[in-house]
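Take a look at the structure below. The text then walks through it, one region at a time.

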Amino acid sequence: MGDPDRQSPTPPGRASDRFISVRNVAKRFGSFTAVDGVSLDIGKGELFALLGSSGCGKTTLLRMLAGFEQPSSGQIFIDGEDMAGIAPYHRPVNMMFQSYALFPHMTVEKNIGYGLKHERMAKSERDDRVAAMLDLVQLRDFARRHPHQLSGGQRQRVALARALAKQPKLLLLDEPLGALDKKLREQTQFEIANIQYETGITFVVVTHDQEEAMTLASRIAIMDRGAIRQLDTPKNVYEFPGSRFVASFIGSVNLFDGELVRIDGDFADVAVPDLGITLRALRRGDLRGKGRLTCAFRPEKVHMSRQKPDSMANTIQGVVLDFGYFGKDSLYRIKMATQALVRVNATNDLRAGDDEIVATWEDEVYLSIDPKAIMIFEDEA
Amino acid sequence: MKPGGWFDRRGWSDIIVGVPYSWAIVFILAPICIVTALSFAVPVLNSPPYQFVHTWPFVSIASFQRLFTDSIYIRSFSVSLFNASIATVLCLLIGYPMALGLTRVSKAANRVLLMLIVLPFWTSFLLRVYAWIGLMGNNSWFNRLLTVLYNILVPQAWHLANIQIMYTNFAVIFVVVYSYLPFMILPLYANLEKLDRTLDEAAMDLGSRPYQVFLDVTLPLSMPGIIAGGLLVFIPSAGELVIPSLVGNMSDPMIGAIISQEFGLNHDWPMAAAISVALLFVLVVPLMAYTRYQSRAEAGGAP
């Protein structure tokens with residue numbers, strides 16, 4: 001997938017490490033196929049994200065890595081060891097649960113030390129490890145508290161410390177930020193990334209939140225209906241989605257049906273009846289012949305102005321239908337002469353009064369799109 | 001009534017709170033006070049067969065003195081507590097796996113099994129005890145089967161013609177366990193069913209084998225259910241009257257039979273009342289321990 005002509009930067013965790021290797025794994029529950037032949041490799045020390053909407057199979061895949069479910073077919077290797085038939089309590093894997101699953105009858109200290117309880121380990125060593133974990137998540141003063149005496153963010157950190165205490169080879173995080181409010185989320189995202197960097201443990205994060213996946217992970221696998229649709233760095237997934245599905249799943253996008261008119265060197269001209277013009281787009285390496293296509297461009301890649309731009313390709317005229325003001329930016333909906341709607345994101349980079357904003361209702365505006373910003377996909381089902 | 005009056009402001013909440021309070025006062029507190037007062041009277045050959053002392057301090061502690069000096073009371077108290085304790089432990093040992101099993105089976109099976117546990121209540125309690133009398137008797141097929149099995153297992157010298165089950169303490173404990181088992185299973189099941197199964201997975205994920213998960217997580221978190229079930233079995237079985245009088249050894253009676261005897265046969269109401277008050281104290285102690293545990297657990301973290 002992706003653009004073969006494009007030089008892709010090497011992600012921080014190199015897939016060639018194959019520290020964790022999922023080989024053609026499928027999981028069926030009766031007649032329902034939750035995971036359908038997934039293969040992927042995760043490098044040592046990588047922060048990897050499985051992203052998808054609910055029911056896409058990401059949690060089932062995570063549970064197979066943890067050992068709570070056995071694959072119906074396929075193999076999972078962790079550090080070269082086949083995990084088939086190995087019970088969760090024998091795997092070098094720990095998990096941070098979505099609900100945190102802290103033991104309500106144990107103190108923070110006991111919770112964090114629980115994983116070490118059944119290990120042969122001197123008491124002093126165990127205490128040291130718990131103390132180190134408490135420091136790592138900055139909960140030293142809360143060691144004697146019970147989970148119900150903690151805030152949501154503190155509980156989340158106890159759960160993380162507990163899962164890290166055994167120094168697993170692989171740490172699984174199931175929607176790690178799902179239960180936190182927006183402010184705390186942002187802060188915790190960086191905390192998790194820092195802790196991952198400090199400990200050097202391989203993290204696999206499952207999430208339905210693309211922002212979470214983008215900021216945390218070095219690579220993202222986008223899952224849909226039990227299969228991986230694209231696996232790449234956050235930047236490539238966003239800027240170079242391999243399919244219409246991925247383009248519309250990650251971020252927002254304007255999608256239009258079109259037909260390939262001609263190929264002109266590095267560019268392709270696509271007639272888009274809904275916009276009433278022929279769009280010039282950067283040609284995809286595998287694009288050949290004529291046929292129906294989908295043209296896509298992201299709202300923030302559209303340049304909007306009230307004056308007609310000098311000589312830009314892909315310029316369309318429209319009228320502002322409505323817009324939403326979000327503070328740092330505004331989202332406009334522009335109605336074309338053909339009645340089609342285009343979404344445009346404009347940054348409010350000036351501290352502006354009403355008369356200074358880019359455009360307002362009923363304004364006539366010109367939209368121009370850089371050919372390099374236009375993505376084209378051959379139609380799929 | 002004018003708006004803003006008592007009824008509009010807090011009438012309903014007062015009434016709703018007041019009903020259970022009135023019930024408790026009329027049917028629980030008042031009888032306890034009457035019985036306690038009775039226990040400080042003296043028996044007379046009259047109707048009613050008791051009298052309060054007319055001189056200072058207006059109370060007689062003769063009944064309580066007898067309670068601690070006459071060995072029959074102490075003996076029957078200890079028999080009662082012994083039987084109730086053994087029965088409670090047995091109910092727990094049998095009921096816990098059953099309650100745990102109920103939480104692990106499919107929804108359909110769960111409904112059927114719960115039904116089977118409650119089903120015996122639909123037949124008369126006495127009928128069920130009589131059924132056991134029939135089974136335990138020396139000439140029943142059940143007793144003969146047990147005897148044959150016993151004789152196979154032990155050397156010739158110990159062989160028996162039949163096993164004496166009826167009119168023993170064993171029979172009492174056996175029938176008490178049978179009768180009170182649902183009272184252990186149901187609160188335990190209600191407790192275990194609420195437990196978050198993710199906690200089991202978390203413990204397993206952190207390296208605990210299934211039996212360690214049980215000891216570390218399930219068992220401590222089911223403590224409230226164990227205590228509730230234990231009290232529901234222990235308290236009524238300690239004061240049990242019907243079962244020991246039907247299948248028990250009458251020369252070694254439980255406290256319920258003694259109270260009944262003092263009230264009925266001996267017409268010694270103050271003595272009967274004194275035993276009842278003493279029994280109340282013995283049973284209230286574990287109840288208070290339970291409330292203490294509950295409030296501590298609420299402050300400490302267990303749900």
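Start in chain B, at G207(B). This residue follows directly after helix α8(B) and has a positive phi of about 105°. The model is a predicted one.

Now step back into the helix itself. Helix α8 of chain B covers residues 197-205. Its buried residues are L199(B), A202(B), A203(B), M204(B) and D205(B). What lies over them? The cover of these buried residues includes α9 (210-221) of chain B. It also includes two elements from chain A, α1 (58-66) and β6.

That leads to the contact between the chains. Chain A puts in 20 residues and chain B 19 residues. On the chain A side, β6 (93-96) and α2 (108-117) each supply at least two residues. By class, this side of chain A holds 11 nonpolar, seven polar and two charged residues.

The largest nonpolar core counts 107 residues. L65(A), A161(A), L172(A) and V204(A) have the most contacts inside it. Helix α4 of chain A, residues 152-164, gives the most to this core: six residues. Where does the core sit relative to the domains of chain A? Domain 1 (15-247) and domain 2 (253-378) both contribute residues, so the core lies between them.

Leaving out residues up to four places away in sequence, L65(A) touches I76(A), V93(A), L170(A), L172(A) and V204(A). There is also a second, separate core, of 30 residues. Among its members are I165(B), V172(B), I185(B) and L186(B).

Back to the two domains of chain A. Their centres, taken over C-alpha atoms, are 39 Å apart. The contact between them takes four residues from domain 1 and six residues from domain 2. On the domain 1 side, two residues are nonpolar, one is polar and one is charged.

Finish with a sheet in chain A. Five strands make an open sheet, ordered β15-β19-β16-β17-β18, with antiparallel pairing.

One bridge pairs V302(A) with I369(A) in β19(A).

Conventions:
Residues are numbered from 1 along each chain as its sequence is written. Chains are lettered from A and ligands numbered from 1 in the order in which they are written. This is a predicted model: local features need pLDDT of at least 70, side-chain atom pairs count only at pLDDT 80 or more; totals for chains, interfaces and linings use all residues. Two residues are in contact if their C-beta atoms, placed from the backbone, lie within 7 Å. Helices (H or I, at least four residues) and strands (E, at least two) are DSSP runs, numbered from the N terminus. Ala, Val, Leu, Ile, Met, Phe, Trp, Tyr, Cys and Pro count as nonpolar, Asp, Glu, Lys and Arg as charged, and the others, Gly among them, as polar. A residue is buried if 20 or more other C-beta atoms lie within 10 Å of its own, exposed if 12 or fewer, and partly exposed in between; C-beta atoms are placed from the backbone. A nonpolar core is a set of buried Ala, Val, Leu, Ile, Met, Phe, Trp, Tyr and Cys residues joined through C-beta atoms within 7 Å. Domain bounds come from an automatic or database domain assignment. Two strands pair if DSSP finds at least two bridges between them.
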